[in-house]
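Please read the following account alongside the sequence and the coordinates.

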Amino acid sequence: MSSSFRKFLITRLLLTIPMVLILVSLIFFVMRVLPGDPIRSQLGPRVSEEQANVLRERLGLNDPILVQYGNYLKDIVTFDFGNALTQGERPIRDELGERLPATLELTIPAMLFTTIFGVGLGAFAAKHRKEPVDYIIRLFSIFIYSIPIFFMGLIFQIIFGVRLDWLPLSGRMDSMILTTFQSKTNFYVLDAILTQNWPALGSAVSHLIMPSLTLGLALTGVFIRLTRANMIEMLRSDFIAAGKARGISEKRLVYHHALRNTFIPILTLIGLQTAILIAGAVLTETTFSWPGIGRYLVERIALRDYTAVQSTIAMFAFFVAIISLVMDLLNAVIDPRIRY
Amino acid sequence: MERDTLVKVEDLSVTYHTRIGPVSAVDHVSFEIQKGEILGLVGESGCGKSTLGKALMRLIEPPAEISSGHIIFDGEDIMQYDEEKMRDFRGRRTSMIFQDPMTSLNPMQRVDDHLVEAIQVHEPKTKREKALERTTVLIERLGIGLNRLGSYPHQLSGGMRQRVMTGLGLVLNAELIIADEATTSLDVIVEAKLADQLREIRDEFGVTLLMITHNIALVAEMADRVAVMYAGHVVEMGDIYTVFEKPLHPYTQGLLGSVPSIELNDRDELFKMPGEPPNLTHPPTGCRFHPRCQHAMPICSRLEPDLLKTSSGSLVHCWLYQDHPEKTEKTLKV
């Protein structure tokens with residue numbers, strides 16, 4: 001590892017600190033400006049003000065706002081995150097530890113699908129530019145891009161879950177299997193493989209197909225269009241013409257030479273899409289009752305559970321920052337012109 | 001010196017299909033390239049010389065197409081080749097050195113990978129080591145250090161990249177090498193060096209070189225014969241000494257008069273050709289040069305002359321030297 005590379009890595013890691021800080025601060029104050037509060041949303045209107053105040057006092061909500069802000073920042077820095085304010089006041093770290101694997105199990109196949117399918121279709125459309133298949137792919141990309149995720153999810157549920165009855169409608173696993181299923185890592189697919197529990201694996205995978213396909217398809221449109229546009233530009237470049245003049249086949253020029261060069265903007269897009277992926281995960285998890293972080297966030301926003309929402313957002317911010325850093329590093333690996 | 005014919009171009013036309021109508025960038029051109037010669041192809045920007053070069057390898061892409069003609073390469077009409085045969089033809093029998101060495105190499109591919117790929121595309125069974133071994137003589141001949149083989153294009157200077165491009169053009173021992181403005185983007189010293197190398201390579205390997213350039217001085221320095229293009233036509237073609245000492249076509253005369261001289265006592269005004277190159281969507285009738293020609297006659301705007309041999313040995317595409325029943329003026333004897 002060269003010293004300039006180390007410098008780059010450290011700078012980038014340090015830069016994530018103000019980014020996460022700004023975001024969590026924003027969320028902290030926005031949550032408090034929002035109407036409603038965690039106590040009333042939980043206890044309901046019938047509980048007397050004195051009783052509510054006892055709870056407020058205990059949870060520290062009567063402290064001055066800056067003291068609360070300071071305590072909160074301390075929680076974030078120590079990766080402790082504190083306890084949730086509502087529904088049992090579980091430690092948020094435990095909650096996220098259980099739910100993060102569920103979200104990752106959903107988003108990783110979705111991202112793989114969208115990258116392979118989107119880049120493949122985009123490259124294919126670029127190769128067949130202005131032919132009917134190109135117009136069909138472009139229409140398809142606009143179409144799936146413009147459908148709201150939850151709507152696409154509902155349509156899939158009706159078709160594959162209800163009418164055809166091929167796939168389960170919601171959840172991560174059949175409840176019958178789940179009662180005996182021991183999950184160590186909370187990655188159900190992984191655990192099922194490790195314990196060679198094949199019925200559990202089948203159930204986990206069949207539960208995974210619809211939500212990850214929904215989420216993946218929703219992101220595919222952008223990938224198709226970006227790949228196509230970059231490929232077309234790349235195919236016009238001089239080195240492709242020069243390659244053709246050396247007798248290199250069109251297939252090799254498209255899928256080897258042009259596509260490799262197109263991967264540079266695509267990797268950047270993958271980094272950017274991570275944020276959208278997480279937003280999409282919130283909607284997908286809600287639609288398919290997937291017990292991941294997205295659904296947790298939605299539930300806790302409804303309850304105005306300040307600490308739970310803040311901590312979840314902080315983790316998202318950290319996650320996005322890490323992914324974009326990884327993409328920058330990958331770019332440096334595949335592009336010989338980038339050396340840090 | 002009489003040589004065998006390597007390429008015979010017959011009635012070749014290239015048409016660009018644009019929104020405002022078809023443009024004939026190369027218009028019914030016929031000429032020959034002889035084995036082992038250096039043929040210079042000169043003309044203004046947009047006269048169709050690069051298009052003609054690409055057409056010789058059938059590298060014309062839509063919206064342009066080769067709309068008529070034959071290209072007979074070593075006795076075979078390559079216009080009859082299917083795409084697979086054409087792919088094998090490109091690089092192995094005719095290769096091209098491109099204008100811009102900065103962008104003509106894949107930025108993500110190393111120099112040695114470029115060379116190996118060029119060989120393996122035509123000989124898939126050749127192992128990487130064998131392929132590299134074959135390139136070493138050429139690499140050294142071109143002055144590319146062996147330590148440069150592992151470099152990526154961006155790590156090389158413009159001159160070095162152009163040498164790599166040249167190496168890629170030569171690595172399969174192609175019989176015809178088309179250098180499309182190959183030296184234009186280089187500074188004069190590097191340009192002279194590369195030009196020298198190209199000539200040495202011609203002498204050594206017996207390849208034929210088609211040099212497409214607007215650098216007339218370079219053609220005078222290097223070429224055996226020269227072809228002058230104007231607005232999609234070859235207007236004059238012949239032995240370099242004949243054409244440069246006594247240019248016949250008024251366009252060639254003007255073109256040669258426009259070349260600056262570095263003689264210090266030569267402070268004569270450079271010749272400035274009147275008018276602009278024509279818009280090829282609506283080319284002038286008759287001879288395409290007549291609106292700018294100082295010797296234009298009535299017949300010039302009505303009928304197109306042929307590319308005919310004069311007694312000097314050059315071919316000229318001009319009514320000044322050709323008889324026609326409708327022509328009233330006297331025909332010049334060369």
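The paragraphs below go from confidence and conventions to the helices, the contact between the chains, and some local features.

This is a predicted model, in which local features need pLDDT of at least 70 and side-chain atom pairs count only at pLDDT 80 or more, while totals for chains, interfaces and linings use all residues. Residues are numbered from 1 along each chain as its sequence is written, and chains are lettered from A and ligands numbered from 1 in the order in which they are written. Chain A averages a pLDDT of 85, and 99% of its residues score at least 70, where pLDDT is the predictor's confidence in each residue, from 0 to 100. Where pLDDT is low, the predicted coordinates should not be read in detail.

In chain A, α12(A) and helix α13 (residues 293-302) pack at an angle of about 85°, with their axes 7 Å apart. That makes α12(A) roughly perpendicular to α13(A). Here axes are lines fitted to C-alpha atoms, for helices over the stretch in contact, and angles run from 0 to 180 degrees between N-to-C directions; angles of 65 to 115 degrees count as roughly perpendicular, under 35 as roughly parallel, over 145 as roughly antiparallel and the rest as oblique. From α12(A), the residues A:A281, A:V282, A:E285 and A:T286 meet A:G294, A:R295, A:L297 and A:V298 of α13(A), two residues being in contact if their C-beta atoms, placed from the backbone, lie within 7 Å. The residues of this contact divide into 4 nonpolar, 2 polar and 2 charged, with Ala, Val, Leu, Ile, Met, Phe, Trp, Tyr, Cys and Pro counted as nonpolar, Asp, Glu, Lys and Arg as charged, and the others, Gly among them, as polar.

How many residues does each chain give to the contact between chain A and chain B? The contact takes 16 residues from chain A and 24 residues from chain B. On the side of chain A, the elements that give two or more residues are α11 (238-245) and α12 (250-287), and α11(A) gives the most, with 5 residues. By class, this side of chain A has 5 nonpolar, 5 polar and 6 charged residues.

In chain B, B:I139 lies in helix α4 (residues 128-141). B:I139 is buried, because 22 other C-beta atoms lie within 10 Å; a residue is buried at 20 or more such atoms, exposed at 12 or fewer, and partly exposed in between, with C-beta atoms placed from the backbone. Leaving aside its neighbours within four places in sequence, B:I139 is in contact with B:I144, B:L146 and B:G167.

Two loops hold asparagines with a positive phi. A:N186, in the loop between α8 (175-180) and α9 (188-194) of chain A, has phi near 70°, and is partly exposed, with 17 other C-beta atoms within 10 Å. B:N173, in the loop between α5 (158-170) and β7 (176-180) of chain B, has phi near 55°, and is partly exposed, with 13 other C-beta atoms within 10 Å.

Terms used: Helix = DSSP H or I, 4+ residues; strand = E, 2+ residues; numbered from the N terminus.
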